[in-house]
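Here are a few exercises to work through with the model open beside you. Try each task before reading its solution.

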Amino acid sequence: MMDDAHLPWIERYRPTTRKELVGNSAGIDGLLEWLLSWKNGYPNKRAALLIGPPGTGKTSSIGALANDLGYELVEFNASDKRNKDSIEKLVLRSAGQDTLDGSRRVILLDEVDGLSGTGDRGGVAAILKVIESSVHPIVMTANDPNSPRLKELLKRCIVIQFSLLDNEIVVKVLRRLVKENSVIVSQETIERVASISRGDLRAAISDLESIIEGKISEDELEARDTRTSVEQTLKRLFMTTEPAMARLIINQTDVNHDSLVLWFEENIHLHLGTSSELAHGLNSLSIADLYLGRIMRQQNWKLLAYAYDFLSSFIAASRTSTPYRRVTYSEPLWPLLVWKGQRKRGKGDELIRRISNIANISKSRAYDEYIRVIEVLIKANPKVKKDITQWLGIRESIFR
Ligand SMILES: Nc1ncnc2c1ncn2[C@@H]1O[C@H](COP(=O)(O)OP(=O)(O)OP(=O)(O)O)[C@@H](O)[C@H]1O
Ligand SMILES: [Mg+2]
């Protein structure tokens with residue numbers, strides 16, 4: 001275990017055996033049974049699809065079970081291999097061949113809902129073809145049960161539903177980790193972390209680690225909560241290239257538009273890899289921003305539908321060639337966030353006014369020169385946030 005010490009906890013404590021998996025036991029046992037049935041010839045359905053919310057153990061389950069059974073695990077991130085050719089070539093090759101020593105292999109196509117998008121019909125067709133002829137069990141995972149791309153796949157797979165983990169289970173895991181690491185964390189903190197995770201064990205473990213390492217304070221946990229839902233929204237939005245699906249995702253999110261625009265601004269380049277995709281995406285984003293500004297100033301809510309379209313469908317549709325891949329999003333920095341948020345809400349620009357008063361410079365210079373510098377400073381060392389707040393004499397609560 002010493003070797004693992006540098007790994008983030010979510011990896012360090014990734015289950016390697018059935019016993020370490022918590023929750024969803026009926027589903028996991030069903031999966032195990034199906035894998036075992038391969039020992040007696042090909043089962044009726046040669047693929048399994050694990051569907052459920054993030055951080056509930058889908059990817060971990062297949063890893064742990066393969067390990068227990070001594071099956072070799074061959075893993076593909078389905079969303080990285082979007083096009084027909086690569087799926088066919090890579091997966092077909094490993095699915096259609098016996099292993100040299102006759103041992104069993106499990107093929108994992110992780111995150112197949114990343115396949116959604118007009119360009120990927122071939123991707124699903126290719127998978128269906130692989131399933132038909134595979135001599136090894138194929139296991140797929142997905143988050144979104146409504147993804148239209150899964151429709152065909154559902155018919156050809158045994159479907160195993162994963163649910164959010166019960167709060168008590170999450171608490172139990174967190175308590176165990178605290179004990180194993182001989183650290184002191186109050187029961188209250190553990191409960192709070194668990195409750196904010198809402199059954200996503202990955203989020204819970206990662207928050208607990210951050211708190212123990214002092215990376216975030218407990219009070220910041222709530223902000224982390226919105227962060228998770230922003231990240232989910234961005235992830236889902238960039239998984240699809242279908243306008244209707246993108247629009248649905250934006251309609252369903254509980255993240256406010258202002259923060260979405262800022263998060264997009266900060267992260268859109270991660271998904272839009274070519275300059276023309278990026279140009280389209282940024283253009284849609286600035287039109288959305290324009291509409292949102294107008295809506296706030298004129299209280300003209302009729303425009304909201306347009307703003308939403310530009311924020312969702314148009315941005316999603318700008319990704320025409322770069323494949324979806326999982327990325328780590330960066331948080332937009334607070335000075336900009338506060339400044340923009342306040343400007344939009346018409347509350348005035350307290351931050352800029354303070355800087356301009358203290359430094360005795362114009363407001364526009366305060367924005368151009370100081371805000372950016374403060375951003376860089378905070379990025380380099382988050383602790384200066386406090387000093388800056390004190391220097392400006394503003395309440396920290398403003399930045400929430
Ligand atoms: N059921 C579980 N039992 C034990 N650990 C879990 C479980 N679910 C999640 N974890 C912890 O969270 C981490 C992430 O879990 P995992 O990758 O299996 O989630 P997932 O369901 O595949 O999520 P996603 O849909 O985002 O891919 C694991 O490495 C492990 O530390
Ligand atoms: Mg997974």
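A residue counts as buried if 20 or more other C-beta atoms lie within 10 Å of its own, and as exposed if 12 or fewer do. Keep in mind that this is a predicted model.

**Exercise 1. Find which residues of helix α8 (residues 187–197) are buried, and work out how they are arranged around the helix axis.**

Solution. Start by applying the cut-off along the helix: Ile-190, Val-193, Ala-194 and Ser-197 pass it in α8. Next, look down the axis of α8: the buried residues fall within an arc of 95 degrees, so they line one face of the helix. Finally, step past the end of α8 to Arg-198, where phi is positive, near 45 degrees.

**Exercise 2. Decide whether Leu-35 is buried or exposed, and list what it touches.**

Solution. First locate the residue: Leu-35 sits in helix α2 (residues 25–37). Then count its surroundings. Leu-35 has 21 other C-beta atoms within 10 Å, and is therefore buried. Now leave out residues up to four places away in sequence, and Leu-35 touches Leu-65, Leu-69 and Pro-137.

**Exercise 3. Describe the nonpolar cores and the overall make-up of the protein chain.**

Solution. Begin with the inventory: the chain holds 18 helices and five strands. Of its 400 residues, 35% are buried. In soluble globular proteins, nonpolar side chains tend to be buried together. Here the largest nonpolar core has 36 residues, and those with the most contacts inside it are Ala-48, Leu-49, Leu-109, Ile-138, Val-139, Met-140 and Leu-153. A second, separate core has 25 residues, including Leu-234, Leu-285, Tyr-291 and Leu-292. To finish, turn to contacts with a separation of 6 or more: 76% of them join residues 24 or more positions apart.

**Exercise 4. Characterise the shell around ligand 1: how many residues does it have, and which parts of the chain supply them?**

Solution. Count first: 20 residues surround ligand 1, and the closest are Arg-14, Pro-54, Gly-57, Thr-59 and Ser-60. Sort the shell by class next, which gives eight nonpolar, eight polar and four charged residues. Then trace the helices: α3 (58–69) and α9 (201–212) each supply at least two residues of the shell. Lastly, check the domains: domain 1 (2–161) and domain 2 (167–216) each contribute at least three residues to the shell around ligand 1.

Key:
Residues numbered from 1 in each chain as written. Chains lettered and ligands numbered in written order. Predicted model: local features only at pLDDT ≥ 70, side-chain atom pairs only at ≥ 80, totals over all residues. Near = placed C-beta within 6 Å. Helix = DSSP H or I, 4+ residues; strand = E, 2+ residues; numbered from the N terminus. Nonpolar A, V, L, I, M, F, W, Y, C, P; charged D, E, K, R; others polar. Domains from an automatic or database assignment. Contact = placed C-beta atoms within 7 Å. Core = buried A, V, L, I, M, F, W, Y, C linked by C-beta atoms within 7 Å. Arc of directions from axis to C-beta.
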